[in-house]
Amino acid sequence: MNALSSPDRRLQEVKENSVRSFNEAARFPVDYVEFDVQVTKDACPIIFHDNFIYTQQQGKVSDKRVTDLHLEEFLQYGPQNKEGKSGKPLLRKMKDGRIVNWGVQSDDPLCTLQEAFEKVNPRLGFNVELKFDDNLVYQEEELSRILHAILKAFFEYAKDRPIIFSSFQPDAAQLMRKLQSTYPVYFLTNGGTEIYTDVRRNSLEEAVKLCVASGMQGIVSEARAVFRFPAAIPRIKEADLSLLTYGTLNNVPEAVYMQHLMGVNGVIVDLVPKITKAISDLIAVPQTDMETGDLSSKALKDATSTPNFTLREISFLLRLIPELVK
């Protein structure tokens, strides 16, 4: 993630959701790259996080909804693949409402899902977030149209690449599970760290219910929710679900390692070099066996360097880590 207002320059090193960023990650011992997929007005799956895209022309800032753009117009923003060609300036709206230049040290053009399949290191799996706007209501017909356009690209280009689908939109996640059985589908949740009108999004308990009822294979939770509600982890495991986490807490090695001890299967991180090195140091297993997408694998469980904590010590650490991060 490009945190453009952060003093940490590492969060502005490489353009997020770009072929360059994925191939940079491939240099480290990770199993998957996570990115966001939306569908343009002319039914092309593209990789972009925000619901709106911003530019500035003649001093005036303008925005358009990404899914209202045709592919050709979408690709006109930012740096261009064609040498000597300039694109529209790319700006980003921050959570506080400020609109800033999307400046990174190593920029890259916007890309389609097809380009990612063709240009990203084939050893990397894709953890694909099916991106929808929280402020819109989607009918099943529209969800079906969007998901079919996405699946078309996967069936044409994915080949043997490992794939995980995930979504915060409960109906989209359920429908994707119904539409295909080739790839696992995970439900994304804040786990109660934010509250929504749709109760299915408001707790890990609700996430488990949804996954079990729909036949989904796992949950991707905000990391803070796992530390706030650690009792949810055994319930998730009892339901035979995999558990991944995301969030800024995952840029703290101690927090990642604690999740490994707690039974979390994988973490999504921004600071790939820092976290992969820290985990390699903490868990002494051969690099070929280390899978950051499966931190609770047998190889990691058997690691001789893994310290043994008592329940009391783990309870103390669970209370301590969020306070340290604050």
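In helix α9, the residues Pro253, Ala255, Val256, Tyr257, Met258, Gln259, His260 and Met262 are buried, where buried means under 20% relative accessible area, exposed over 50% and partly exposed in between, with a 1.4 Å probe and protein chains only. Eight of the 10 residues of helix α9 (residues 253-262) are thus assigned, so the helix is largely enclosed by the rest of the structure. Gly263 follows α9 and has a positive phi, near 105 degrees. Helices (H or I, at least four residues) and strands (E, at least two) are DSSP runs, numbered from the N terminus.

The structure is a predicted model, in which local features need pLDDT of at least 70 and side-chain atom pairs count only at pLDDT 80 or more, while totals for chains, interfaces and linings use all residues. Residues are numbered from 1 along each chain as its sequence is written, and side-chain values use heavy atoms, with hydrogens and water left out.

The protein chain contains 12 helices and 13 strands. Of its 326 residues, 51% are buried. Among the contacts (heavy atoms within 4.5 Å) with a separation of 6 or more, 62% are between residues 24 or more positions apart.

An open sheet of nine strands, with mixed pairing, has the order β7-β2-β1-β8-β9-β10-β11-β12-β13. The edges are formed by β7 (111-112) and β13 (266-267), each of which has a single partner strand, so one side of each is left without a neighbour in the sheet. Strands of a sheet pair through backbone hydrogen bonds, either parallel or antiparallel. Two strands are taken to pair if DSSP finds at least two bridges between them.

Both senses of pairing involve strand β1. Strand β1 (residues 32-39) runs antiparallel to strand β2 (residues 45-47), to which three bridges join it; Val39 stands opposite Pro45 in β2. With β8, β1 pairs in the parallel sense over six bridges, and Phe35 stands opposite Val128 in β8. Strand β8 is in turn joined by four bridges to strand β9 (residues 163-167), and these two run parallel. Here Val128 stands opposite Phe165 in β9.

Six of the six residues of strand β8 (residues 125-130) are buried, so the strand is largely enclosed by the rest of the structure. Gly125, Asn127 and Glu129 point one way from β8, whereas Phe126, Val128 and Leu130 point the other way.

Arg201 lies in the loop between β10 (185-189) and α6 (204-214). Its relative accessibility is 9%, and Arg201 therefore counts as buried. The side chains of Arg201 and Asp134 are joined by a polar contact of 3.0 Å; such a contact is a pair of N or O atoms within 3.5 Å, of which, within protein, one must be able to donate a hydrogen and the other to accept it, and residues adjacent in sequence count only if both atoms are side-chain atoms. When residues up to four places away in sequence are not counted, Arg201 touches Asp134, Phe168, Pro170, Phe187, Thr189, Asn190, Gly191 and Tyr196.
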